[in-house]
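Me: I have a structure to study for class. Could you go through it with me?

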Amino acid sequence: MAKVRVGVAGYGTIGQRLADGVALQEDMELVGVADVAPTLPVQALVERGMPYRFFNALPGNEGLLEEAGVPITGSLEDLVADVDIMLDATNAGIGAQNKELYAKHGKKAIFQGGEKNSVADVFFHGYANYEQGVGAQFLKLTSCNTTGLIRVCLLYTSRPACRPGRMGR
């Protein structure tokens with residue numbers, strides 16, 4: 001079975017975690033990461049010997065990246081063209097702009113919590129609406145706060161010991 005080819009847009013705190021997590025999966029291949037500037041996380045990639053291919057997400061700033069020693073593999077569009085799915089961890093509003101590129105190339109994408117819900121076909125949480133997310137082209141993940149609330153609600157409604165009037169017994 002072929003590995004799922006994954007790209008990560010936005011290499012900040014969340015993007016780093018996504019890239020590192022994908023790179024550890026046996027059934028996935030991290031094709032590369034994209035960002036707009038030689039931020040501290042991008043500079044850390046350079047210091048680590050560039051374990052991931054880097055794609056420039058902001059046309060026209062190649063010089064800035066090259067000055068910082070960041071080897072550029074290609075553009076964000078090059079990355080999108082070469083993957084099965086994009087994980088978008090960019091700043092709020094940027095993912096909505098990137099969605100047009102993902103749609104142009106017929107790619108699936110998962111957006112992180114900072115985007116508006118309208119960016120996706122499904123506002124997704126695996127505990128709450130897994131079936132709705134299966135097969136959707138665009139998903140937006142809930143925030144960590146929402147995740148916590150959903151877990152508590154699930155626990156509260158599915159376990160008799162946790163129902164109203166039973167807490168602490």
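Me: How are residues numbered, and where does the model come from?

Reply: The model is predicted, so local features need pLDDT of at least 70 and side-chain atom pairs count only at pLDDT 80 or more, while totals for chains, interfaces and linings use all residues. Residues are numbered from 1 along each chain as its sequence is written, and side-chain values use heavy atoms, with hydrogens and water left out.

Me: How many helices and strands are there?

Reply: The protein chain has seven helices and eight strands.

Me: In what order do the strands sit in the sheet?

Reply: The eight strands form an open sheet with parallel pairing, in the order β4-β3-β2-β1-β5-β6-β8-β7. At the edges are β4 (74–75) and β7 (122–124), each of which pairs on one side only.

Me: What does β1 pair with?

Reply: Strand β1 (residues 4–9) pairs with strand β5 (residues 85–88) in the parallel sense, over four bridges. Within that pairing, M86 of β5 is the bridge partner of G7. β1 is also joined to β2 by six bridges, and these two strands run parallel.

Me: Which helix packs there?

Reply: Helix α1 (residues 13–24) packs on the sheet and touches β1, β2 (28–35) and β5. Contact here means heavy atoms within 4.5 Å. The direction of α1 makes about 160° with that of β2; axes are lines fitted to C-alpha atoms, for helices over the stretch in contact, and angles run from 0 to 180 degrees between N-to-C directions.

Me: What handedness does the β1, α1 and β2 unit have?

Reply: β1, α1 and β2 make a right-handed β-α-β unit. A crossover is right-handed if, with the strands pointing away from the viewer, the path from the first strand over the helix to the second runs clockwise.

Me: And what follows β2?

Reply: β2 pairs with strand β3 (residues 54–56) in the parallel sense over three bridges, and D35 has N56 in β3 as its bridge partner. The chain crosses from β2 through α2 to β3, and this β-α-β crossover is also right-handed.

Me: Is β2 enclosed or open?

Reply: Six of the eight residues of β2 are buried, so β2 is largely enclosed by the rest of the structure. Buried means under 20% relative accessible area, exposed over 50%, and partly exposed in between (1.4 Å probe, protein chains only). Over the protein chain, buried residues make up 37% of the 169 residues.

Me: Which residues touch the most others in the largest nonpolar core?

Reply: A nonpolar core is a set of buried Ala, Val, Leu, Ile, Met, Phe, Trp, Tyr and Cys residues joined through side-chain atoms within 4.5 Å. The largest has 21 residues, of which Y11, A19, L30, V33, Y52 and F54 touch the most other members. At least two residues of this core come from each of β1, α1, β2, α2 (40–47), β5 and β7. A second, separate core of 16 residues includes A34, F55, V83 and A120.

Me: What does L30 touch?

Reply: Not counting residues up to four places away in sequence, L30 touches V6, V8, A19, V22, A23 and Y52.

Me: New topic: how many aromatic pairs are there?

Reply: Rings of Phe, Tyr and Trp (its six-membered ring) pair if their centres lie within 6.5 Å; planes under 30 degrees apart count as stacked, over 60 as edge-to-face and the rest as tilted. By this rule there are two aromatic pairs. The rings of Y102 and F111 have centres 6.0 Å apart and planes at 40°, so this pair is tilted. F111 and F138 also form a tilted pair, at 6.1 Å centre to centre and 45° between the planes.

Me: Where do F111 and F138 sit?

Reply: F111 is in strand β6 (residues 108–111) and F138 is in strand β8 (residues 138–141), 27 residues apart, so the pair links distant parts of the chain. Both F111 and F138 are buried. Ring pairs link Y102, F111 and F138 into a cluster.

Technical notes
Pairing = 2+ DSSP bridges.
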